[in-house]
Amino acid sequence: MASFRPRIVAFLCNWCSYAGADLAGTTRKKYRADVRVIRVPCSGRVDPSFIIKAFERGADGVIVGGCHPGDCHYVSGNYNARRRFYTVRKLLDFMGIDSERFQVTWCSASEGEKWAGVVNDVTDLIEKLGPLEAFKEMGRAVLSDTREIEGVAGE
Amino acid sequence: MVSKSDLSSVIARAVSAGYEVYAPGKRNGKVYLEKADDGASPELDHVITVNGVKDILLPRCEPLADFNLTDVSIESIDAPAAGRVLLATRPCDAASLVILDAILLDPARDTRYARMREETVVVTVACSRADAACFCTSMGYGPHDETGSDVILLPAGDSYLVRPLTEKGKAFIGEVGLEADAGGEPDSPPQLTRTVRTEGLKAWLDENFESEKWRDVSINCIGCGACYYLCPTCHCFDITDEAGVARGRRYRIWDCCSFADFTKMAGHQPRVGRHARYRQRIMHKFKYTVDNVNLTACVGDGRCIRHCPVGVDIGEILESLPEGGAARRGGPEPGSREG
Amino acid sequence: MQESSQNRLREEAGKLLSAAAVEVVVGYGDGHGGDGVRPLFARTPDEAAGLVWNDACVHNLATYLSREPCRQILLRGGKVGIVAKGCDARALVVLLQEGQIARESVHVIGMVCDGVLDPGAAVSGGTAGSSGAVLPKCRQCEVQTPPLYDTLVGDPAGAAAAEGDPLEDVKDLQSMSLEERWSFWTGHLARCIKCYACRQACPMCYCATCITEKSEPQWIDKPSHLKGALAYHLIRAMHLAGRCVSCGECGRACPMDIPVDKISRYLAGQVEEAFDYKAGMDPEATPAFRTYREDDPEDFIR
């Protein structure tokens, strides 16, 4: 049980959540280290296929971070994202994939502490849910190189 | 003779003799050709399986090799060597293998198909009934036809007469404890309700590549791949990689000339438009394969007719092409440009 | 009742074609050998006499507007006539909303409909509603009179829609456990052969180059293994969210009997519940995923 280290991919919007995550670092917050961050211009940039690809390639959880409603650098990107991600979670659930593996957070550039908390909470949650075996099994069946989905260091 | 109920023990004996057995099984009310385990009882009261034997010998998705760019290595993944039995296939499906053999074994040998084919025993159950889509007789085959089979089981009441047709077939029935029936009266083959007249078709195809009739006959087609993928003689494939940064696996997968990106090249798609792609289907089956290997690439199993969601009926189309006069369902679309 | 609608339909189509008001009328005709119905493209008044209307008229003909010959006709400014039930007309509305067709280029012959039967059912003289064996989508139909038409055929005050819940089968799935649903879908999707019949039958899938055809990067694995099939169906479902009109054609078209329509019909229901939007009812409405409300649900957001 202790051997399962969740792998979580986070798509963070450049203006708010990425900056917030940065702040968590510069203010030396201690928090769990199992989230890999990918910077995107806006949470609205995140296409559902990114989320599915992340699961396919071994992620046990996916987080999308965006600006609070009303604060989006691109005015309404996060509003579009909100509707879209609500629907993605419904779809995942309908297909038999735990929608809790896909988390969304509004995290502003000044919310370093919040980001640290989100990482800790989501990591705990994914730890309890366990590895996303269903997707890993699908990958094992067809890939020659399963290091990525098993979480083995690459070359 | 073997009774219908005894076929499950034939499967069991084949499995213990080391064969992979594929037989019809029922799933959600439809019958599919699928892997049969030790205790399986084959479905026998159906006209034809949804999928054909092509599924087994030319799999939808077949790993070819693993490659590694870092140490520059390629590791071939061989086609499975285990012997396999295609049990209770229909005569049309068995015949389709003869056509695939003519294309895939000679002159260029598809080594994977060849390897699997060599290790495959085809045990056909001749048909007791046909439906409105069947037209095997019009293609030169029939419900009790022996083309392509190693063993044919002919219905006789609740049992089958066992007739081995090849050395492979004789060896197989020995392995599973069956005896050949030299005599015996099989049930009469069912009568097909559909005939497809093909006189004049080849001659018409030879001369009419540019005919406006192609637009008319393909007008209902929505451009999916259902008929191509279910067709026992369609065999086109694509090669694709499932890869990470430096390592991956190369697959052979089904492809079909109905798709917009089939034969698409840099800056050019030679087959633009639905009509051109449907024309390719007909031409390949009823002209090019005839020209190349003297066989028509159609066995009349009727799957394309059964499963087309929009009523494209190949039999109807084949008959209408050589007919004189304006096309049946409206005139051509002159001067249009495809995108 | 259906027979007089059929006669009226033939009359209307014949008139349109005689007057050259449209170049083709896309409707339904007899299947091969009189068995069932299938799409029919009538280009002359004579051919219009072959149009049929009965409870086997399941197909959503709107898909043909983005395929040849209609696509070419519309591109060069010509006009097309199309026979549409309510569900089909909803698809036309979506195409209008998305700028795929110009209103004046399409003459819609709207058919008042009280339901269509499962394609296996024989063409009957009676009405579908009376037999009670209509497709789930027809239950409590709100568009018996199509939401878009130029000519209306049939009596809007005619037979009532079939009873029952159009989402009954979807709700059955929802009441299963997560694991049971995963098992259900992987069991079905194992048979997916990536023929794309679902995509081609769908009027909303009109992209000239589908995401499945993009290879750099390869978003969706091409092979028909479970991973490739699941990715395709998940992404198609998201591409249809807020656009699917629940016509059910995708499920009907599938040669491997995978009930893919359940996925998009489910999402359509979720979109309606959460965002109060039903695709294809109003050409002036803004599609659900092109807009937002300040109070959109966000309980799930940390």
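Reader: How many of the residues of strand 1 of chain A are buried?

Author: Quick background before the count: this is a predicted model, where local features need pLDDT of at least 70, side-chain atom pairs count only at pLDDT 80 or more, and totals for chains, interfaces and linings use all residues. Residues are numbered from 1 along each chain as its sequence is written, while chains are lettered from A and ligands numbered from 1 in the order in which they are written. A residue is buried if 20 or more other C-beta atoms lie within 10 Å of its own, exposed if 12 or fewer, and partly exposed in between, with C-beta atoms placed from the backbone. Strands (E, at least two residues) and helices (H or I, at least four) are DSSP runs, numbered from the N terminus. Now your strand: 6 of the 6 residues in strand 1 of chain A are buried, so it is mostly covered.

Reader: Which residues point which way from strand 1 of chain A?

Author: In a regular strand the side chains alternate between the two faces of the sheet. Here A:I8, A:A10 and A:L12 point one way, A:V9, A:F11 and A:C13 the other way, and all are buried.

Reader: In what sense do strand 1 and strand 3 of chain A pair, parallel or antiparallel?

Author: Two strands pair if DSSP finds at least two bridges between them. Strands 1 and 3 of chain A pair in the parallel sense over 5 bridges, and A:I8 stands opposite A:G61 in strand 3. Strand 1 also runs parallel to strand 2 of chain A, joined by 6 bridges. There, A:A10 stands opposite A:V37.

Reader: What do the buried residues of helix 1 of chain A pack against?

Author: Helix 1 of chain A (residues 17-26) is mostly covered, with 7 of its 10 residues buried. Among them are A:Y18, A:L23 and A:A24. The buried residues pack against strand 1 (8-13), strand 2 (35-40), strand 3 (61-66), strand 4 (102-106) and helix 4 (112-129) of chain A. Just after helix 1, A:R28 takes a positive phi of about 55°.

Reader: Which residue of chain B has a positive phi of about 50°?

Author: That's B:N28, although it is not a glycine. B:N28 sits in the loop between strand 2 (20-27) and strand 3 (30-36) of chain B. Because B:N28 has 12 C-beta neighbours inside 10 Å, it counts as exposed.

Reader: Where does a cis peptide bond join B:P107 to its partner, and what is omega?

Author: The cis bond joins B:D106 and B:P107, with omega about 0°. B:P107 lies in the loop between helix 3 (91-104) and helix 4 (111-118) of chain B. Another cis peptide bond joins C:E68 and C:P69, with omega about 5°.

Reader: How many residues of chain C are in contact with chain B?

Author: Two residues are in contact if their C-beta atoms, placed from the backbone, lie within 7 Å. By that rule, 36 residues of chain C are in contact with 39 residues of chain B. Strand 2 of chain C gives the most to the side of chain C that touches chain B, with 4 residues.
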